[in-house]
Amino acid sequence: MDITHSIGDKRSEDGYIHIKNEYELEGHVRTFGSFAGRYGGIKVYFAARFSVPIQKHEFWKNNDHQKGNSSVNGDDLTALFSFNRDEVILKLAISHVNVENAWENLEGEVGNREFDAVANDALRVWEDRLSAIKISGGTTEQRINFYTALYRSFQMPTIFNDVNGEYIGFDKEVHLADSFNYFTDMSIWDTFRTTHPLYNLVAVKDQKDMIESLILMAKQGGWLPRWPSGHGYTNSMLGSASDIVISEAYQKGICDFDVEFAYQNMKEIALASTPKGAAYSGRDGNDLCVKYGYCPADSMDEAVSRTLEFAWSDFSIGLLAEALGKHEDAQFFHDLSMNYKNVWNPETQYFHPRNADGTFAEKFKPLLLTYVDGDETYTNDYVEGSALQWRWAPFFDAPGFIDLFESTEYFIDELNNFFVNSDYEIGYWYPGSYYWHGNEPDIHSPYLFNYVDRPDLTQKWVRWIMDNKYKNRYDGLDGNDDAATLSAWYVFNAVGFYPVAGTDIYQLGAPLFEKAEINLGTATLSVVADNYAIDHTYVKQVWLNDSALDRRWIKHDEIANGGILKFEMCKE
């Protein structure tokens with residue numbers, strides 16, 4: 001048992017192990033992983049029980065072999081246990097609060113049950129989770145991909161409280177979650193786009209608990225987090241996407257939380273930079289972004305991406321303000337969100353780095369990817385992608401964004417070429433400058449065709465992505481799943497609609513299966529494909545509860561109480 005084990009080049013320290021008796025042991029270790037290491041590490045307590053008595057144990061502390069001790073501590077700590085049986089079963093539980101809670105977790109979650117009983121309980125739990133959406137039709141490969149995606153959608157975030165409700169808060173104090181589960185490990189810069197919108201449909205209780213957890217992080221730590229992990233701010237990525245998650249949930253009827261506190265915290269983060277030295281980086285450089293109406297490229301890194309991401313959050317804050325009856329605030333934040341247009345360069349037809357004096361940066365290569373621009377001379381103003389991949393970012397204001405292009409025809413041609421020129425292979429280390437399904441800023445872009453009367457191109461390219469970028473193999477995704485962002489993308493598109501994150505709108509696509517029954521908790525939404533066939537990938541007409549739709553979108557409240565969404569499919 002390697003007590004101080006760590007992955008890759010990360011580290012652990014302060015290991016401790018104590019042999020309580022011939023069956024039981026306990027201890028702790030502080031780990032400094034890629035995320036926990038950003039806020040000083042996280043302590044993990046463990047309690048363990050063997051099924052047979054320990055015959056002999058030995059310890060190694062900093063490579064020094066030790067025998068005879070029942071306890072040992074050190075920064076490099078390993079233990080060896082010997083038994084006189086061929087089969088040994090280990091029951092082990094952890095806690096981030098204390099070792100007493102680890103023992104309580106062991107008793108509460110495993111107790112006297114044997115391995116097969118625990119495994120069968122796990123199967124039942126997953127069967128219940130995966131029954132949230134029942135599908136029929138499609139190929140075997142498509143069904144496997146779908147349930148793999150749905151399974152991955154529930155692997156994160158993490159329930160952080162112990163069985164007695166205790167957890168370590170962002171103030172590093174012990175708190176009690178007495179009527180909900182306290183969640184952490186939320187990759188919100190990624191998951192606000194697809195994963196949290198999926199929870200708004202099929203895991204409402206969990207989503208409500210996650211929002212409650214975000215608010216408690218703000219109350220105990222000072223600010224709504226962007227990428228909380230364990231009990232600390234990791235400050236991974238950029239922006240303040242908690243705004244988008246909370247606003248969307250409230251618009252979709254998840255309202256039983258301290259929304260006024262959340263709203264005021266959003267405003268505080270949106271209108272100023274977080275103080276220097278704060279645990280949360282917030283919107284870095286935001287004072288200048290507010291001053292100039294865009295993030296100036298000669299004053300900060302990632303200036304274009306920051307401008308676009310801040311705008312999406314501001315748009316969502318405005319929608320929340322409207323839902324709360326704060327009409328002046330709603331108009332203010334809507335206007336603030338339109339600042340994204342200030343980095344649009346009509347000459348290049350791109351979102352282009354812009355300096356404080358109003359001039360656009362001269363060094364500009366829109367097809368260059370950040371990963372291959374060694375010193376980021378040309379790509380410093382973009383995050384994980386090319387200017388071309390960020391060109392389609394403002395999904396929240398698609399009509400206004402499309403109007404920035406010199407013509408609708410030009411927009412359609414450019415967007416279509418974005419897909420035509422993309423890499424057809426999956427998971428290649430260099431994704432190229434065009435459509436890249438392995439990262440977030442452009443994954444909504446097929447749905448932009450809906451806004452220019454070309455739903456056929458939305459349907460064509462969404463199906464192309466599902467066919468080419470999801471495979472039933474170990475490298476079957478086109479990049480990092482980012483806490484199920486890509487998996488939830490597949491789930492949505494397979495059932496035929498896609499969320500405009502931060503709003504209550506879904507854009508319509510084309511269902512992959514003949515039928516999908518979505519359990520909304522208190523009702524069922526049935527998605528039916530008439531004239532279904534594997535090669536019928538286009539949509540002729542859509543009905544919602546027997547009413548033909550003359551639009552390519554639906555609102556959440558139109559399906560929240562269940563019903564039938566019917567697509568008439570055709571080959572071309």
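Why does W344 count as buried? At 6% relative accessibility, W344 counts as buried, because buried means under 20% relative accessible area, with exposed over 50% and partly exposed in between (1.4 Å probe, protein chains only).

Good morning. The model before you is predicted: local features need pLDDT of at least 70, side-chain atom pairs count only at pLDDT 80 or more, and totals for chains, interfaces and linings use all residues. Residues are numbered from 1 along each chain as its sequence is written, and side-chain values use heavy atoms, with hydrogens and water left out.

Let us turn to the aromatic rings. Rings of Phe, Tyr and Trp (its six-membered ring) pair if their centres lie within 6.5 Å; planes under 30 degrees apart count as stacked, over 60 as edge-to-face and the rest as tilted. The count by this rule is 49 aromatic pairs. One of them joins W344 and F351 edge-to-face, with 5.0 Å from centre to centre and 70 degrees between the planes. F351, at 1% relative accessibility, also counts as buried.

Another pair is F492 with Y506: the ring centres are 6.3 Å apart and the planes stand at 35 degrees, so this pair is tilted. F492 belongs to helix α16 (residues 485–495) and Y506 to strand β19 (residues 505–508), so the pair ties together parts that are 14 residues apart in sequence. Helices (H or I, at least four residues) and strands (E, at least two) are DSSP runs, numbered from the N terminus. Both F492 and Y506 are buried.

What of α16 itself? The helix is mostly covered, with 11 of its 11 residues buried; among them are W489, Y490 and N493. Just after α16, G496 takes a positive phi of about 105 degrees.

Next, charges over rings. A charge sits over a ring if NZ of Lys or CZ of Arg is within 6 Å of the ring centre and within 35 degrees of the ring normal. The charged end of R11 sits over the ring of F32, 3.8 Å from its centre, and that of R551 sits over the ring of W553, 4.5 Å from its centre.

Finally, a pair of helices. The axes of α8 (residues 259–271) and α10 (residues 303–323) come within 11 Å and cross at roughly 145 degrees. Axes are lines fitted to C-alpha atoms, for helices over the stretch in contact, and angles run from 0 to 180 degrees between N-to-C directions. The contact (heavy atoms within 4.5 Å) is made by V259, Y263, M266 and A270 of α8 and D314, I317, L320 and A321 of α10. Thank you.
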